[in-house]
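Biologist: Could you take me through this model feature by feature, giving the general idea before each case?

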Amino acid sequence: NIGIGSGNRALGTILDLIKKYKKVCVIDPLIELEKINSKENKTIFCKEKLPLPYSKASKWKNLDHFKLMGQKLYGGHSSLWGGNSMRFTEKSILEWPLKYNEMEKYYNISEKVLNVKHYNDDISKFFKIKKKYQNRIKEKRFLNYKKNDKIIFGKSRISKKDSEILNVKDLIEDLKKNKKIKLIKGQLFKFNKKKNNFRLFLKNSKDKIFCKRLFIAAGPLNTKKLIKRSINTKKKYMKLKQSQGFLVPAFLYEKFSLKKQNDSLSDFHLIYRDFFKNNIYMEMKYCPKLIEETFKKKYGLFYYLVPKIIFKKILIIWGFIPSQHSFTYKVTNKKILIKKNEIHKKKKVSKELNKVFDLINKNFNFFVLNFLLKFTQFGRGYHIGSNLPMTKKNSDKYLTTNKNGVLNLKDYKNLFIVDSSIFSTIPSSSIGLSLFANAFRIASNSKTKIK
């Protein structure tokens, strides 16, 4: 059994495989984030290693997110993420070819492994989290709000190791030290299927590597390239789907402070239940230091004219549009260009978001400054996939997978794809936890007997 990659989806696969099989190998370039970061590019917030350096803070919206998503890093995108670990809601995966309880079982397992804490709030009630797993919230560290059937609000669910954002590579290193897995440094260039075996070809290597089962967790961009180089098929590849990010500030009416700052870029999570009859997910961050430093870097001397009390009154909200309603765009000469046929989508989304903000304003002690709404490519907050989607029926035209990540082609029953390439849609949410849980589910269901 060989897994390709070392991110959340790879770890989910590995942890299930080592229960059942003796030999599990992981192939990864093992490139550390520090090697691609220059000394000038200090991270914009605390200890979290985000691709949002001070030196480019004023140009963050022009960053090429596809370059980011194609990065080959040890630990995958857990080297870049904010640790946000919210479950997908049942409504958000209605188009997936599986029942919600098939995912729910693996969410429970995944949250234990990733050390995700739950709290006695509306989010725990919504997901029916048992009370013994709920931690008490101190009222002074929680925003006041009125209960509303359309709003589910609570503390952020964050994957942590001690007081730090969890990085999957640390868990993989533990497995290596305990001789549960073997790490092979290299980049898989292509593979061939010969009878019941896969022959793997690593870039710049003449080593002969064979395996019975192959689990690919290389991310939607790299996985597609790998499949194209390895498999001849007349079927077409689906276009990437994206979950468009957005960001908006809010002005706080109430006095509020957090004595201990969260290492993540999120303090609170909110789910709104009626966005185009679907769910939309948002994160909230209160950090005057973050606002002050960003403003200072972007506006220079003008920063000194702004009363410091203003920075203590700003709450930042960002979230994600479900892929069914997202619009696509590209960056050309550092400008964001939206296709003409996509502009109407942006207008519809903006109008629907304003309805959401209006209801939030009525139920919270802050006012959303919706005239400052920005659709973004905000660092880690850009989710793509669905180019090899799970489908209920096999397609004669497009290359797809079944619900267990197996390509709908003959003779590839022991090849499993476990990253967001196979998501049927990209829901409005952080996706790290769901990548882990879905990969764990697929590995658990890979029961093909091998002699």
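Modeller: Let us begin with burial, where a residue is called buried under 20% relative accessible area, exposed over 50% and partly exposed in between, computed with a 1.4 Å probe on protein chains only. Helices (H or I, at least four residues) and strands (E, at least two) are DSSP runs, numbered from the N terminus. This is a predicted model, in which local features need pLDDT of at least 70 and side-chain atom pairs count only at pLDDT 80 or more, while totals for chains, interfaces and linings use all residues. Residues are numbered from 1 along each chain as its sequence is written, and side-chain values use heavy atoms, with hydrogens and water left out.

Biologist: Which residues of α3 are buried, and what do they pack against?

Modeller: In general, an α-helix has 3.6 residues a turn, so residues three or four places apart point the same way. In α3 the buried residues are Y100, M103, Y106, Y107, S110 and E111, and they pack against β3 (118–119) and α10, where contact means heavy atoms within 4.5 Å. After α3 comes N115, which has a positive phi near 55 degrees.

Biologist: How do I read the length of a helix?

Modeller: The expected span is 1.5 Å times one less than the number of residues. For the 14 residues of α3 that gives 20 Å, and the end C-alpha atoms are 20 Å apart, which agrees. Helix α9 (residues 340–363) has 24 residues and reaches 36 Å from its first C-alpha to its last, close to the 34 Å expected.

Biologist: How many aromatic pairs are there, and how is such a pair described?

Modeller: A pair of aromatic rings is described by the distance of the centres and the angle of the planes. Rings of Phe, Tyr and Trp (its six-membered ring) pair if their centres lie within 6.5 Å, with planes under 30 degrees apart counted as stacked, over 60 as edge-to-face and the rest as tilted. By this rule there are 23 aromatic pairs. The ring centres of Y106 and F440 are 6.0 Å apart and their planes stand at 35 degrees, so this pair is tilted. Because Y106 lies in helix α3 (residues 100–113) and F440 in helix α10 (residues 432–445), the pair ties together parts that are 334 residues apart in sequence. Both Y106 and F440 are buried. F275 and F276 form an edge-to-face pair, at 4.9 Å centre to centre and 75 degrees between the planes; F275 is buried, with a relative accessible area of 0%, whereas F276, at 25%, counts as partly exposed.

Biologist: Which strand does β9 join, and how many bridges are there?

Modeller: Two strands pair if DSSP finds at least two bridges between them. Strand β9 (residues 188–194) runs antiparallel to strand β10 (residues 197–202), with six bridges joining them, and N192 has R199 in β10 as its bridge partner. The two strands form a hairpin with two residues between them, and K195 in the turn has a positive phi of about 55 degrees. Three bridges join β10 to the antiparallel strand β11 (residues 209–211), where F210 stands opposite R199.

Biologist: Which residues touch the most other members of the largest nonpolar core?

Modeller: In soluble globular proteins, nonpolar side chains tend to be buried together. A nonpolar core is a set of buried Ala, Val, Leu, Ile, Met, Phe, Trp, Tyr and Cys residues joined through side-chain atoms within 4.5 Å. The largest one has 76 residues, of which I2, F191, L200, L214, I227 and L415 touch the most other members. Its largest share, eight residues, comes from α10. Another core, of 35 residues, lies apart from it and has M284, F327, L353 and F364 among its members.
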